[in-house]
Amino acid sequence: MMKLKIKHVYVATMVVMLISCSKEIEEVENTQQAEVLTEVSAQASNFYKPPTAAVLRNKVNLVTAYNVNNKDANDDTEKLNKAIKDISGSGGVIILPKGKYYLNKVKMRSNVHLQIEKGSTIYPTKGLTPAKNHRIFDFASKTEDKIKNVSITGKGGKFNVDVRGNSSKNIIVADVGNVDNFKIANFSIKDEKTVFASILISFTNKAGNAWPHNGIIENINQTNAHTGYGLIQAYAADNILFNNLSCTGGVTLRLETDNLAMKTAKKGGVRKIFATNIENKNGLTPVMFSPHFMENGKVTIDGVTAIGCAYAVRIEHGFIELFDKQNRASGEAFKNYIEGILGNGSVEVVYKRNNGRTWAARIANDFNEKAYNHSNPAVNGIKPGKFANSTVKNVKVVYKNTGAKLKQAFLPYLPCPEWSKLCKPGPSGFEFNGPSLGVTIDNTKRDNSLGNYNVNVSTSNVQGFPSSHILHVKYNTAKKCNKGVGTIKSCN
């Protein structure tokens, strides 16, 4: 049984500690008075109701009952989908005995539980179309009606999902959509920087609250994740427990609610999110908060470990995102148009959205209020997102002098003497490699103005950081160094 209990704490001041290169320290990182959650019990039974004894007794073996050859490389999807359809009416368990299975868009249905034996390997079907997106397991991710009471779990231990070497890098291991009462657990993902988070907690544009409710995702690890993605991305969810998740590279638990369909529908986002034991090695960060335009609920996390990462917890402010309806020739032209309305410095960054078809401008944090209340309809009325007051406790951070994945925006917080440890990737990558930078980077003002919110972070163990490092970067932290990326040597 998993339990997470946090007592009532009121924090009025920030504890500041000096850190030497090898000291282990305890500290609390809070910048203002805030209520840090009362006695919350996160038990598995609060998130997922397991199948009844009758359902568990109704078992079929995919190999013997459906003539699947789990030693060859042929596509097994059609036969597995038939087994799922056959058993969904009465409810039951489909056992995938130890072997190899090649799958793409396995359509999960209500009352179906896949048990994949320890040591088995799931591969995406060979020869997938490179330009298309592919889902190995699909939990009503698009327009399907709601499904209920479903699971995919390792039987007797972990199975493997190996997405390496396919013709497509657009591979999602599980897309979790319009589903209620689900469990996904007990496997390892072998990646090669595919261009999605492996597990998507998705918004579907169906009527009602058509996104994941009541579920557990646990005991999953991933290696060699893409820095821009990672293991989990949650767009929309209610009452989900994430437990014992680890990732090498990327972000382990990315709470980034930027699905554009939610913006149009004016619904979605995450609420009642609990997480325990979230780890990342040689990546960007174990945990990331980024609300974009969504007003999200509370997140409670107990146990975060960052080993050789840029930061342990990354917190981004909500922002207003504007699209270029005139389809200007350059991003600079669109930036100049917006800054002509809101003033110099009002555009934080310009980039492409809608698969590279449209310029988008992100409004800087200090200009959120001005844009929201402006009389010009080109910029007004869009409310930047936030999270309700949230808590991350028991954060453990270990410094490594190489191997962390760093965004360019992070580099000015690295002391100049440490820049010799940086290297930049080849043309196919965008992250920089280098030393761990600190514990948290929090770009919110923490004053509850538009786009700002509080995530209260407390650390239990911080090891090895040089005394010159800024362990907690805030929105107004002065930059330490900016030699320019042109001075950084190649990683190759």
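Phenylalanine 137 sits across from alanine 174 of β13. The model is predicted. Strand β13 spans residues 171-176 and is joined to β10, residues 134-139, by 5 bridges, the two strands running parallel. Both strands belong to an open sheet of 10 strands. An open sheet of 3 strands, with antiparallel pairing, is also described below.

**The sheet of 10 strands**

- Pairing in this open sheet is parallel, and the strand order is β7-β10-β13-β15-β17-β19-β21-β24-β33-β35.
- At the edges stand β7 (106-107) and β35 (472-474), each of which pairs on one side only.
- In the strand order, β10 lies between β7 and β13.
- The parallel strands β10 and β13 are linked by 5 bridges, and alanine 174 in β13 is the residue opposite phenylalanine 137.

**The sheet of 3 strands**

- Here the order is β25-β27-β26, and the pairing is antiparallel.
- Strands β25 (321-323) and β26 (347-353) form the edges, with pairing on one side only for each.
- On average, neighbouring strands of this sheet are turned by 25° against each other, direction ignored.
- Strand β27 (residues 358-363) runs antiparallel to β25, and 3 bridges join the two.
- Leucine 322 has alanine 361 in β27 as its bridge partner.

Conventions. Residues numbered from 1 in each chain as written. Predicted model: local features only at pLDDT ≥ 70, side-chain atom pairs only at ≥ 80, totals over all residues. Heavy atoms only, no water. Pairing = 2+ DSSP bridges. Helix = DSSP H or I, 4+ residues; strand = E, 2+ residues; numbered from the N terminus. Axes fitted to C-alpha atoms, helices over the stretch in contact; angles between N-to-C directions.
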